[in-house]
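Please work through the exercises below with the sequence and the model at hand. Each task is followed by a worked solution.

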Amino acid sequence: MKHISAPRVLQYFSFLLLIIALQACKYEAKKEFNLEETRALEKNSILSLLDQAKKEIENENLQGAIVLLDSIINNYGTYDEVEAAYTLKEDAQRHYVIKKIINSNNIDSLFVFITDYDSYEIKDTAKKRIKEVIQTTQNPQILQDFIASNRLPEFRAEAKNRQQDLLEEQKNNLYSEALKENSAQTWKNFVDMYPDHPKTKQIEDKIIELEVNDIFSGTHGEIPSSSLSGLANYINSDIRIKNDTPYTLTIRYSGKENKRIIISSGDTQKVDLKSGEYRVTASVNASRVSNYAGIESLNGSYTSSYYLMN
């Protein structure tokens with residue numbers, strides 16, 4: 001067994017400590033080099049993401065740009081470039097909101113941008129868009145809802161004028177469509193919508209005429225002639241009609257005048273007409289009972305009774 005003297009032991013341990021120290025220094029130097037390299041790579045990544053985000057903003061892909069900027073903000077918070085990401089994101093978000101405003105036609109949604117955002121630019125853009133919607137909408141109900149909301153009173157007069165113009169245009173279009181189609185049902189629908197139309201009387205006459213046309217052109221029985229009950233009168237005539245059916249009876253006259261008489265079961269009504277030739281139809285509110293039609297020359301006072309034969 002070899003013995004090592006104390007001085008040599010101390011010298012040996014000193015050598016070991018020197019080696020350990022050198023190894024430690026070498027490790028620290030390597031570690032410091034890797035950290036700097038990592039930060040350099042991360043900085044390049046941030047700059048690359050910033051460039052991509054700017055391109056997305058230029059291409060109007062604002063949502064895509066916001067996603068990229070969020071990845072910088074959330075993952076690289078210690079870098080100075082994050083401030084640039086915050087600034088770009090704020091700008092992208094503002095433009096994104098403004099784009100939504102410009103593309104919106106919903107006045108209620110646009111009011112949210114006025115009430116919920118602090119940005120003057122966003123508020124002003126929303127107000128301008130509401131005015132544009134008022135000026136361009138083709139829907140009178142949108143304007144009615146805006147007027148009823150009592151919001152933005154400075155736009156109310158314009159909204160009312162626009163609504164009146166649209167309603168008048170709508171009425172004229174429906175009238176033109178009814179003229180083109182010229183069916184009893186189309187004219188009925190028109191009168192239901194516009195009962196105060198200046199041509200309502202002419203339209204009602206037209207409806208009776210068309211209803212008579214429909215009955216004459218369809219399957220019908222021959223209507224019996226009314227019985228003359230007085231002296232001849234070539235100016236005015238009258239007919240006393242008795243409904244002896246168990247149903248509501250509708251009689252239509254189309255000629256020098258157009259009239260429709262609706263008589264409840266068991267009742268009697270009198271109708272006055274200018275003397276002349278008329279097409280006459282009779283129908284009841286029962287689908288299994290046929291319509292009746294015929295032509296009558298009316299020149300005086302008449303009586304007529306309608307009943308069903310078994």
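The model is predicted, so local features need pLDDT of at least 70 and side-chain atom pairs count only at pLDDT 80 or more, while totals for chains, interfaces and linings use all residues. Residues are numbered from 1 along each chain as its sequence is written, and side-chain values use heavy atoms, with hydrogens and water left out.

**Exercise 1.** Describe the chain by its secondary structure, burial and contacts.

Step 1. Nine helices and nine strands occur in the chain; helices (H or I, at least four residues) and strands (E, at least two) are DSSP runs, numbered from the N terminus.

Step 2. Of the 310 residues, 34% are buried, where buried means under 20% relative accessible area, exposed over 50%, and partly exposed in between (1.4 Å probe, protein chains only).

Step 3. Taking contacts (heavy atoms within 4.5 Å) between residues at least 6 apart in sequence, 58% join residues at least 24 apart.

**Exercise 2.** Classify the exposure of Asn161.

Step 1. Asn161 belongs to helix α7, residues 156-181.

Step 2. Its relative accessible area is 45%, so Asn161 is partly exposed.

**Exercise 3.** Determine the geometry of the pairs Tyr76 and Tyr79, and Phe190 and Tyr194.

Step 1. A pair of aromatic rings is described by the distance of the centres and the angle of the planes. Rings of Phe, Tyr and Trp (its six-membered ring) pair if their centres lie within 6.5 Å; planes under 30 degrees apart count as stacked, over 60 as edge-to-face and the rest as tilted.

Step 2. The whole structure holds seven aromatic pairs. For Tyr76 and Tyr79, the ring centres are 6.1 Å apart and the planes stand at 75 degrees, so this pair is edge-to-face. Tyr76 is buried at 17% relative accessibility, and Tyr79 is buried at 7%.

Step 3. For Phe190 and Tyr194, the centres are 5.1 Å apart and the planes stand at 45 degrees, so this pair is tilted. Both residues are buried. Ring pairs link Tyr175, Trp187, Phe190 and Tyr194 into a cluster.

**Exercise 4.** Which strand gives the most to the lining of the largest pocket?

Step 1. β7 (276-284) and β9 (300-306) each supply at least two lining residues. β7 gives the most, with three residues.
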